[in-house]
Amino acid sequence: MRLSAHPLAAALAIALAAAPSLAAQEPDPPVYTRADTLRGSWTTPARAWWDVTFYDLSVTLHPGDSTISGSNAITLRALEAGRELQIDLMTPLEIDSIVQDGHRLAYRREGNAFFATLPEIVPAGATRTLTVHYHGSPRVAARPPWDGGITWATDSIGRPWVVTTDQGIGASVWWPNKDTQADEPDSQRVAVRVPPGLVNVGPGRLVDTRAFPDGSTVQEWFARSPINNYAIALATGHYAHYAESYAGEEGELTLDFWPLDYHLEAARRQWAQVTPMLQCFEHWFGPFPWYEDGYKLVEVPHNGMEHQTAIAYGNGFANGYQGRDGSGTGDGLRWDFIIVHESAHEWWGNHVTTKDLADMWVHESFANYAESLYNECLFGREAGARYVIGTRRGIRNDRPIIPARGVNAQGSGDMYPKGGSMLHTIRQIVGDDARWRGILRGIQAEFGRRTVTGQAVRDYMSREAGIDLSKIFEQYLETVMIPVFEYEIRGDVLRYRWANVVPGFEMPVEVTLRDGGVFETVRPTTEWREAELTLSDPAAFAVDPDYYVEVRAGDAAPE
């Protein structure tokens, strides 16, 4: 039993009852090619036998002609005996050579995949290091961050400002690597040589800066933690720097801020939101994952991205998201969306990383849900619910959230608002905030610093909740159907059931059965059930809007 009805219940119930059914016709499935499999699968023969343990990436930027050159030394450990391995690098970039122990390796190219043959079979448990030398004009990101590649931008006074974005398309759009989310190095070095006056900000901590006679410098960054390849990014510009610290769950966390030099004061004002964000997320999700590498916020010329320990920020030092509030409630204009959403990915995406792009809902649904939790931390539980309910206006139900696996396919953008509403719904089903918080923190403790399948997360949540959530996940993630609570009131009897659901779907939901606005739990199935109703005005009947469902009154119930 809930203490009181949600204030939006009546209005939302009326709106949902009047809305057309969302059981849209699903589009024909796309056709995938061998190239898609080579890019998206981690179990192909040239990938499955070896594990990346370390990347040593060195890159030189040439803003004058928009080219890059460099090398990546790949240290691997054989999981089983193997000899041929796949290295990924996207056109129009070119590999110059692949070298092991001073000897050039033979390789063949198939699209964006290069297959190198080692001098001998590597036995299980052994390690090897090979270095890939490359150069070229990388793909230019036409619409960053959604379109991957390099952005050769200039700041407002015409100085070079160079950044990368590659989530989804893949890190191999600008550097050679084993381009799958399923395999993360245990640590990584990134050394970037830049023209005079420019500063590069990378992952982890700055460990060395070297100057050359021509005025160029190399900034060397080292991430001591496991890191996903798409979270490695270049951010090069005329940056200022200031530092703070945060007393967190695991002690002192260093906070480093890198705005453009002429935005220093604006950054000091706006980025003060980092500390309350960290306090909220550590409460709900557990310790910030990277105390050894620190937290950084870096200004970029695009909207933003969750680059590990170097969050990319381009929100104009203003609240909301580019001045807008996706929830339509006004709450989203009370805090900075990019700071909150992209930083949530340090837990959801960077710390807990899915093996397959198809399971990106684990990254984006939880990061979306984190926005409502932050609103709750600031303004109370009702405000958090109001925010997540408001974001439903962005749900399209155009295609399932989970697409085909093993082909680098990404599902519907509904993984953001619909996924967040699914998690908010599950919170209601769990019905115990202490347990719910334990589940969120438990996912981090169970799966952090390694890659995971979405199914493993689903199974964990069911187990820890003590509730079989499998059909709920199937409904919201694998179909475009929204559960319809069908009901009919006849005198003092409420008849109800679920419609528009997958076979075997069962989900408790809370409704008003009596006067006083108190929500009580009923347990619909696809068969008609009944409950005693003592409302003096049947029009006051409502379904708790915290549950993401449609509500439809009708007369289809049997006599």
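The model is a predicted one. The protein chain contains 12 helices and 28 strands, and its C-alpha trace extends over about 90 × 55 × 40 Å along the principal axes.

**Helix packing**

Two packed helices are described by the angle between their axes and the distance between the axes.

- Helix H5, covering residues 274-285, packs against helix H6, covering residues 337-344, at an angle of about 40° and with the axes 10 Å apart; the crossing of H5 and H6 is right-handed.
- On the H5 side the residues in contact are Val274, Met277 and Phe281, which meet Ile339, Val340, Ser343 and Ala344 of H6; by class, this contact of H5 with H6 comprises six nonpolar residues, one polar residue and no charged residue.
- Helix H7 (residues 361-379) and helix H10 (residues 433-447) pack at an angle of about 140°, with 14 Å between their axes, and H7 and H10 are therefore oblique to each other, since an angle over 145 degrees would be needed for them to count as roughly antiparallel.
- The crossing in which H7 passes H10 is left-handed, and in this pair Phe366, Tyr369 and Leu373 of H7 meet Trp436, Leu440 and Ile443 of H10; the contact of H7 with H10 consists of six nonpolar residues, with no polar and no charged ones.
- Helix H11 (residues 454-465) and helix H12 (residues 470-478) also pack at an angle of about 140°, here with their axes 10 Å apart, which makes H11 oblique to H12.
- H11 passes H12 in a right-handed crossing, and the contact is formed by Arg458, Met461 and Ser462 from H11 together with Ser470, Phe473, Glu474, Leu477 and Glu478 from H12; sorted by class, the contact of H11 with H12 has three nonpolar, two polar and three charged residues.

Strands of a sheet pair through backbone hydrogen bonds, either parallel or antiparallel.

- Five strands in the order S16-S17-S18-S20-S19 make up an open sheet with mixed pairing, whose edge strands, S16 (242-248) and S19 (304-305), each pair on one side only.
- Within this sheet, strand S17 (residues 251-258) and strand S18 (residues 295-299) run parallel and are joined by four bridges; leucine 255 stands opposite tyrosine 295 in S18.
- Helix H6, whose packing against H5 is described above, lies across S18, S19 and strand S20 (311-313), and runs at about 160° to S20.
- Threonine 309 is placed in the loop between S19 and S20, and this residue has a positive phi of about 60° although it is not a glycine.

**The antiparallel sheet of three strands**

- Three strands form an open sheet in the order S3-S7-S6, with antiparallel pairing; its edge strands are S3 (82-88) and S6 (106-110), each of which pairs on one side only.
- On average, neighbouring strands of this sheet are turned by 25° against each other, with direction ignored.
- Six bridges connect S3 with strand S7 (residues 113-122), and these two strands run antiparallel; aspartate 88 has alanine 113 of S7 as its bridge partner.

**The hairpin of S25 and S26**

- Strand S25 (residues 509-512) and strand S26 (residues 519-522) run antiparallel and are joined by four bridges, and the bridge partner of valine 509 is valine 522 in S26.
- This hairpin has six residues between the strands, and in it glycine 516 takes a positive phi near 110°.

**Cis peptide bonds**

- The peptide bond that leads from threonine 91 to proline 92 is cis, with omega near 5°; proline 92 is found in the loop between S3 and strand S4 (94-100).
- Another cis peptide bond joins proline 144 and proline 145, where omega is about 0°; proline 145 is located in the loop between strand S8 (127-136) and strand S9 (149-154).

Note on methods:
Residues numbered from 1 in each chain as written. Predicted model: local features only at pLDDT ≥ 70, side-chain atom pairs only at ≥ 80, totals over all residues. Heavy atoms only, no water. Axes fitted to C-alpha atoms, helices over the stretch in contact; angles between N-to-C directions. Parallel < 35°, antiparallel > 145°, perpendicular 65-115°, else oblique. Left-handed = near helix turned anticlockwise from the far one by under 90°. Contact = heavy atoms within 4.5 Å. Nonpolar A, V, L, I, M, F, W, Y, C, P; charged D, E, K, R; others polar. Pairing = 2+ DSSP bridges.
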